[in-house]
Amino acid sequence: MKRLLRIAINSLFFSFMPILGWFLLGRTIDGNLINVFSITYPLQFIYAIIVSIFGTGANIKKEKDNDDNSVLSGLILGMIVAGIIFGLLAIFVDPFVTFMNMDVEIYREFTRYSIISLCIHTIFGMLLEKYYFENKEKRANLHCAIYNIINTSILVITSLITKNVKIVIALPLVFIGVYCLTLLALNLKKFKLKFDIWKNIKYESSNIVTLFLHFIVFLFGNSNAFSYGEEYVKAINFVALVTDTQWDAFVAIDTVAKIDLAKDGKAFNARTHIKNAYILDAVLMTSSLALFFGLFSFNGITLKIALVFLAWEMFNFILNPTYSLAIDFLQLEYSPFIATLNKSIAYALRAGLIFLPTPYCLVIGGFAESVFMTASNLIVFFRNYKLEKSGMISKRNALKKDEKVIE
């Protein structure tokens, strides 16, 4: 539980500080800038995909295949991929903002800032994964705190001193860029660069598919919902702001489960992981509700609209620990293909529903996806495995063979 909390706190801080920055920028420069968070929200899943392949997947490969070149190869290749993708998005920012049904003149510069910032966050995120798998959570927490304090404080302080947007944007990017590259240099050692990332993808395939479909869902879903007017933009953005930090912390549940499964799947205690996951989940839900009802009156939010989006988030919080742990186990101990297939169908269902002619398309699709994800993965799990009272997991086929021997 301590390790789970350390990683969760680190993730909370990693997410909370940039969100605080957007809130404060809305006060110091332009109230509209808080909406940049939702404009670039789909791109957070591009960041997560790169970290999943070149960070998490590379570290799992190191543990399972004893590949000492995997982690640093992943860091270098991931940095190159992130630079290309986010670099192109930063260059062609106008078409992106237009696609999201937002005003280019208002949002251009800070959307570009958010994109470049995500690129740097991607490199930093891969470094954090390296620390987690090396059981260096305290070191990860320290660097995460320094990194985010530098980013947010310089951004806000600069916006108070000058209204020159280019200066406000450039200074925090330079500082976090230098910090991130310095940390990368400290982690480098002699290694052989390997371009074989197939196993990275294999070990993280279900998560990669999920993240990609999330990208599609929020790219087209937000664009669709935003077209219905400012009240929906504000409501969606506000609910995302008060829950996104919690979802980032929720990733700690997956991270700890994957670490334990990668190191020794047979020693994985499911009941302990489920118990710890729901304790953390309850804390995250409570904090989201407190933030929502404590802040909605200060942001011109239409309560009835926002409550609909909040209801979906709470529903997903309730179901997510169960099916996330089931997927992690199936991915690494049973069949990556089945785990990926279940996720693909669920998110394809959700993706299909985001084109409904309603601003609540994201909510409808989200409910359908969560229900299918929970049912499909638990059915596969309990058809093939048995959860013992001790918390250990045993194969049902093995039980049948043992019973025949006894007979």
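The count of salt bridges comes to 11, where a salt bridge is a side-chain nitrogen of Lys or Arg within 4 Å of a carboxyl oxygen of Asp or Glu. This is a predicted model, in which local features need pLDDT of at least 70 and side-chain atom pairs count only at pLDDT 80 or more, while totals for chains, interfaces and linings use all residues. Residues are numbered from 1 along each chain as its sequence is written, and side-chain values use heavy atoms, with hydrogens and water left out.

Here are some of the salt bridges.

| Pair | N to O distance |
|---|---|
| Asp-65 and Lys-199 | 3.3 Å |
| Glu-134 and Lys-130 | 2.9 Å |
| Arg-350 and Glu-369 | 3.0 Å |

Which helices do Asp-65 and Lys-199 link? Asp-65 lies in helix 3 (residues 43-65) and Lys-199 in helix 9 (residues 198-226), 134 residues apart. Helices here are DSSP runs (H or I, at least four residues), numbered from the N terminus. Asp-65 is partly exposed at 28% relative accessibility, and Lys-199 is partly exposed at 33%.

Arg-350 and Glu-369 are both buried. Arg-350 sits in helix 13 (residues 336-353) and Glu-369 in helix 14, so this pair ties together parts 19 residues apart in sequence. Elsewhere, shared partners join Lys-61, Asp-67 and Lys-194 into one salt-bridge network.

Now the cysteines. The whole structure has 0 disulfides, a disulfide being a pair of cysteine sulfur atoms within 2.5 Å. For Cys-180, the nearest cysteine sulfur is that of Cys-119, 8.9 Å away. Cys-180 is buried, with a relative accessible area of 1%. Cys-361 is buried too, at 0%.

Rings of Phe, Tyr and Trp (its six-membered ring) pair if their centres lie within 6.5 Å; planes under 30 degrees apart count as stacked, over 60 as edge-to-face and the rest as tilted. The Phe-37 and Tyr-41 rings have centres 5.7 Å apart and planes at 50 degrees, so they are tilted. Both Phe-37 and Tyr-41 are buried.

Phe-315 and Phe-367 also form a tilted pair, with centres 4.7 Å apart and planes at 45 degrees. Phe-315 is in helix 12 (residues 303-334) and Phe-367 in helix 14 (residues 361-384), 52 residues apart. Phe-315 is partly exposed at 25%, and Phe-367 is partly exposed at 29%.

Notes: Buried < 20%, exposed > 50% of the residue type's maximum accessible area, 1.4 Å probe, protein only. Helix = DSSP H or I, 4+ residues; strand = E, 2+ residues; numbered from the N terminus.
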